[in-house]
Amino acid sequence: MVKETNAPVRKKRKSTVADSDPEPDIYQKICEFEEKEAKSRDVVADSKLFAKCIESIHDQLHQVRELKNSQKAQPAKQHNLSANLAEIAVKICLIKKLNRIDKLYQVAERQQLILEKQKCDSVKLTYQNLVYELYHLTTETNKCLAFKSEDENIELVSFEDFMKNAPPSITSKFKNYDPLNHEEAHALKLARLEWELTQRKNVAEECKSLEERKKTVVAEITERKEKLNDLLPLLNVVIKAAKPLQEHLGMSGDHTRKEHCLANLLPDPLYILYANIVAYKSVFETNLTVSIVGDKDDATQFNEAQEVANCLNEDDSEPESELPEVEEVVEVKKRRHRKSAQQVDPLEEKKKRLLEVHPLKIELSFAIDEGPKLSLNFSYYTKLKLVTVNANVDVPSKITANTAGEILAGHNILSELVENDTGMESPNPSTGYLLKKMNLGLFQILVPDIGYAYGWAQSVCGINFLSPKKYCDKLSQQNVEMILKVIRKRLINRTHLAKQMQQLEQNILPPVPEDVETPTTRISTIGQWSSTTFQNFCQARFTQPLIDEEFVTVSDLFYSVKIIRGEANLKAFVVIKNTYPLPPPIFVLDLNYKGHHNSSNCDEIRDIERTLNVNWDHGMKSSAWLLSAQLQHLCSYLDVYLETLDPKTFQPNAKFIQNISGKNRRRPFKFRKIGTTGLFSQY
């Protein structure tokens, strides 16, 4: 039982956290103190103190060892041993403290380094942003500066013409025009553009009206041509009907009437050619002359014999194209007052029969002012069914050069008048079989005797071997005008080329028009200009690439030229196509200076050839100066090459900025008309 008492029970007062003082965190305070101390202490001094403590501990440990190794432990020594150990412990604690302070210092420094790095990265990022923004602003500025509106490409009339021709309502506000005022300049530009638009609309309307007028004129020309085409048969009927009346009245005709009478005796191809040339001459009134050459009686007999032969061939079972074989028996012709007999060659007899030609020929003559006269003789071979052409040129007395005479030779002028048409092959497919049957060899052997069988000659005579109809009048009409114009252009171009060669044989470079960019200052001179052959061209080793690529053919014209400067000697082959000046002459070079240099072993010579042989797109108008311009460029390029190769030997004369440029070390072989003398550059 519990004793009950009346004494009041004292209740204990509960203690609260607020009333009790918190116990201090000693470790945290020590850490904070050491962190502050680590920031304030000198690292160098601590490192020296650390080393000093280590050394002191080492010495005291050595003393402790000696005291322990002593045999008898005296009390004084025991006291020193304890003191040393206590001091060692204190220094170890000091070392630990220094180690903690060093670690805390490293952590603080590392944090500081990280903060500095972050600041550096922030500055670098800001810098990169500014650089990018600067680049963007620069790019946009350049775009704005380089902006060109479409109106800048429009070629406007000059300001003076605008003020003179434009209406006063437009030009009145620009009488006191100030070029420095941008607003006025912009307004002037708009006004000029509006005026240009108005003018172009007017021109477009005028062009439209002219086009309509052109269509009307073309329709009239077509109608007149049709009437002319229908007129020829009517004229033939009228002439044939008027013949009895003229014979009865005994009317004496003039030269034209005689030629018209001879025209009736012409074979069909030559008659078509004659009729179309006379019609062409009467319309265009050119200095073209046409005449019929031959005897009337011989032509009449020949035509009668042909008619009889045709009648016999129709009754004969053999084909018309087969000729009677000549017996191989040797015939003997006896002549008086001779004892020896003359043998007849069967091959010559076959050849004579095969090359049977009509007695009448057509002679066509071209003449240009103060130039040569070209005469073409058209003959018709009845067995070969071909028209051949023999050309003769009357060269003026002032042209005496050999190369000029060769370039004006008749076969050279007519060669390749049409592409790949040299006249050395027969356009008639049956000619080859016929010659093979008669054992007469190739057609080229007959060319010196009968003339050149050009394809265009067959066309102008109305012969078309691919058509079932042998003679086509419309084919002749389509080709006569074209061929006559081509022959005239060819004669003019060859005359211009002959004049250039006349001066080149005299070692004189012909002049070039002022509007053509050619170097004017050159030291290299032409030593010799002469003609050569295709065989000599092939024998030169440095020309083999052109032969392999088939850039040159046997039908081309070949010349050689020597250009000299000091000890350097440049030999060049010049290949001129029959269609000169399109394409331009081809130059192949070989330089003899400290060895032979050409396109196969020297890049500079290859660059000179490239510059000479391309980029001459001046058309047919360049025939009077193209060859001379190429030679002038060649002399200047030789000067540039020698002066950049050996400036000590060859005194510099040409003007250029750099001797060598680019990875390919190119030399300045590009002439530009800058200033009075010009400038050479690589590009």
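This report describes the sheets, helices and nonpolar cores of one predicted protein model.

## Model and conventions

The model is predicted, so local features need pLDDT of at least 70 and side-chain atom pairs count only at pLDDT 80 or more, while totals for chains, interfaces and linings use all residues. Residues are numbered from 1 along each chain as its sequence is written, and side-chain values use heavy atoms, with hydrogens and water left out.

## Overall composition

The protein chain holds 20 helices and 13 strands. Both are DSSP runs numbered from the N terminus: helices are H or I with at least four residues, strands are E with at least two. Of the 683 residues, 33% are buried; buried means under 20% relative accessible area, exposed over 50%, and partly exposed in between, with a 1.4 Å probe and protein chains only.

The chain exposes about 45,700 Å², of which carbon and sulfur atoms supply 54%. Accessible areas come from the Shrake-Rupley method with a 1.4 Å probe, and for residues only the protein chains shown count as cover. Among contacts (heavy atoms within 4.5 Å) between residues at least 6 apart in sequence, 63% join residues at least 24 apart.

## The four-strand sheet

An open sheet of four strands runs in the order S1-S4-S5-S6 with antiparallel pairing; two strands pair if DSSP finds at least two bridges between them. S1 and S6 are at the edges with a single partner strand each, so one side of each has no neighbour in the sheet. The twist from one strand to the next averages 20°. Angles run from 0 to 180 degrees between N-to-C directions, and axes are lines fitted to C-alpha atoms, for helices over the stretch in contact.

Five bridges join S1 (residues 289–293) to S4 (residues 361–367), with Ser291 paired to Glu363.

The loop between S5 (373–381) and S6 (386–394) contains Thr382. Thr382 counts as buried because its relative accessibility is 10%. Beyond its neighbours within four places in sequence, Thr382 is in contact with Phe302, Gln306 and Glu356.

A second open sheet to describe has five strands, ordered S7-S8-S9-S10-S11 with antiparallel pairing. Its edge strands, S7 (525–531) and S11 (596–598), each pair on one side only. Direction ignored, neighbouring strands of this sheet are turned by 20° against each other on average. S8 (residues 557–565) and S9 (residues 568–576) pair over nine bridges, and Ser560 stands opposite Phe573 in S9.

Two helices lie across strands of this sheet. H19 (residues 603–613) lies across S10 (586–592) and S11, at about 155° to S10. H20 lies across S7, S8, S9 and S10, at about 30° to S10.

## Nonpolar cores

A nonpolar core is a set of buried Ala, Val, Leu, Ile, Met, Phe, Trp, Tyr and Cys residues joined through side-chain atoms within 4.5 Å. The largest has 90 residues, and those with the most contacts inside it are Phe378, Trp456 and Leu627. H20 (residues 626–645) contributes the most to this core, with 11 residues.

Not counting residues up to four places away in sequence, Phe378 touches residues including Leu270, Leu273, Ile362, Val387, Trp456 and Val460. Another core, of 14 residues, lies apart from the largest one and includes Leu384, Leu434, Leu446 and Ile450.

## Helix H13

In H13 (residues 430–438), Thr431, Leu434, Leu435 and Met438 are buried. These residues lie on the same side of H13, because they cover an arc of only 95° around the axis; the arc is that of the directions from the helix axis to the C-beta atoms. The opposite face carries the exposed residues Tyr433 and Lys436.

The cover over the buried residues of H13 includes H10 (346–354) and S6. Asn439 follows H13 and has a positive phi, near 60°.

## A residue in helix H3

Ile92 lies in H3 (residues 75–146). With 36% relative accessibility, Ile92 counts as partly exposed. Ile92 and Cys53 are 39 residues apart in sequence, and their C-alpha atoms are 8.0 Å apart in space.
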